[in-house]
Amino acid sequence: MPNTRHGQAAGKAARPQRAPQAKARARERIAAERAARKRAEARRRLLAAIGAVTAVLAVLVALVAVKLTSAPARPVATESAASSAIVRQVSTVPAAVLTGMSSAQVITPLEAVQRSGPPLTVGGKPVIVFVSEESCPFCAAERWSLAVALSHFGTWSHLGSTTSSATDVYPDTATLSFRTAVYRSTELSLRTTELTDNAGHPLQAQTALDTRVIGAFDVPPYVNSADQSGAVPFLDIANRYILAGAQYSPQVLAGLSAAQIAGQLANPSSQVAQAIDGSARVIIAAINQVLAGSGSGR
């Protein structure tokens, strides 16, 4: 019996020794579970962050793709009727101002065409052919001179007002437009073509007459080199005088509105008048030579 009791006592005494070990194992298990949860949370957060970055990148890629594949916005063209004041000032530059102008301001002289036969006519009258683009600043400059010069031989109606391209050299040069203009003269015929509007969009198709005179005269030796062939502005005075380019720099008109330009045309001391009227004087002299040769000169 003593041995039995001792055995029971020994068994009772051994149980408490297992409790600390169980607690330790429990703590280890809890710690391991916490560590696992932390790792899982870290993975979740990492995946969420990666997902967010991926979503942002996907949006950016989509925006870039749309930007690259979509057509750029086309600029809007602007053109309106010229005011009655502008038309009057262009049409009534005093003859004394025109004849008193020096041609010193003229950059590009007219080229005389040496050829036999009668001048080019339309409707039985010597014809002026002018091909230009509303977007072109050099065309913008030359229209002023041509409008002033032709007013010496006839009358204008339905002149337009516009500016050259905002993205070309000498941007937004104020000018007239011939797209709907009507010119009446007992001495001359006029054919004008505005190939583009001032935003560069196609406007009026080149005519058969345009093609013929450009092919004959908007080439060397009337222009400096072959790569300049077909350039605008192009002016043909009855196949007797040619102008490929502007007679003066559009810089003279920089920052001025159409009304401000027209308002200076009768002032011989104005740099604007010296450029525009001086160029018009050269055109008038060439037309007079053509008319004199056809027996109707002034």
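Contact here means heavy atoms within 4.5 Å.

**View 1. The whole protein at a glance.** This is a predicted model, where local features need pLDDT of at least 70, side-chain atom pairs count only at pLDDT 80 or more, and totals for chains, interfaces and linings use all residues. Residues are numbered from 1 along each chain as its sequence is written, and side-chain values use heavy atoms, with hydrogens and water left out. Of the contacts with a separation of 6 or more, 73% are between residues 24 or more positions apart. You'll find 8 helices and 11 strands in the protein; helices (H or I, at least four residues) and strands (E, at least two) are DSSP runs, numbered from the N terminus. Buried residues make up 37% of the 298 residues, where buried means under 20% relative accessible area, exposed over 50%, and partly exposed in between (1.4 Å probe, protein chains only). The accessible surface comes to about 16,300 Å², and 58% of that belongs to carbon and sulfur atoms; the areas come from the Shrake-Rupley method with a 1.4 Å probe, and for residues only the protein chains shown count as cover.

**View 2. An open sheet of 3 strands.** The strands run in the order β1-β6-β7, with antiparallel pairing. At the edges stand β1 (80–81) and β7 (174–177), each with a single partner strand, so one side of each has no neighbour in the sheet. Two strands pair if DSSP finds at least two bridges between them. Strand β6 (residues 160–163) and β7 share 4 bridges, while β1 and β6 share 2. Look for Ser-161: this residue sits opposite Leu-176 in β7, and is also the bridge partner of Ser-80.

**View 3. The buried side of helix α3.** In α3 (residues 84–91), Ile-86, Val-87 and Val-90 are buried. These three cover an arc of only 100 degrees around the axis, so they fall on the same side of α3; the arc is that of the directions from the helix axis to the C-beta atoms. What do the buried residues of α3 pack against? Their partners are α5 (137–150), β5 (155–157), β7 and α7 (258–262).

**View 4. Ile-128 and its neighbours.** Ile-128 lies in strand β4 (residues 125–132) and is buried, with a relative accessible area of 1%. Leaving aside residues up to four places away in sequence, Ile-128 touches several others, including Leu-146, Leu-150, Leu-188, Leu-235 and Ile-287.

**View 5. Arg-179 and its salt bridges.** A salt bridge is a side-chain nitrogen of Lys or Arg within 4 Å of a carboxyl oxygen of Asp or Glu, and the structure holds 3 of them. Arg-179 meets Glu-79 in one of these (3.9 Å, N to O). That pair links distant parts of the chain, 100 residues apart. Arg-179 also meets Glu-134 (2.9 Å, N to O), and these two are 45 residues apart. Glu-134 is buried at 0% relative accessible area, whereas Arg-179 is partly exposed at 24%.

**View 6. A buried salt-bridge pair.** Glu-194 and Arg-143 meet through their side chains (2.9 Å, N to O). Glu-194 is in strand β9 (residues 189–194) and Arg-143 in helix α5, so the pair ties together parts 51 residues apart in sequence. Glu-194 is buried at 0% relative accessibility, and Arg-143 is buried at 0% too.
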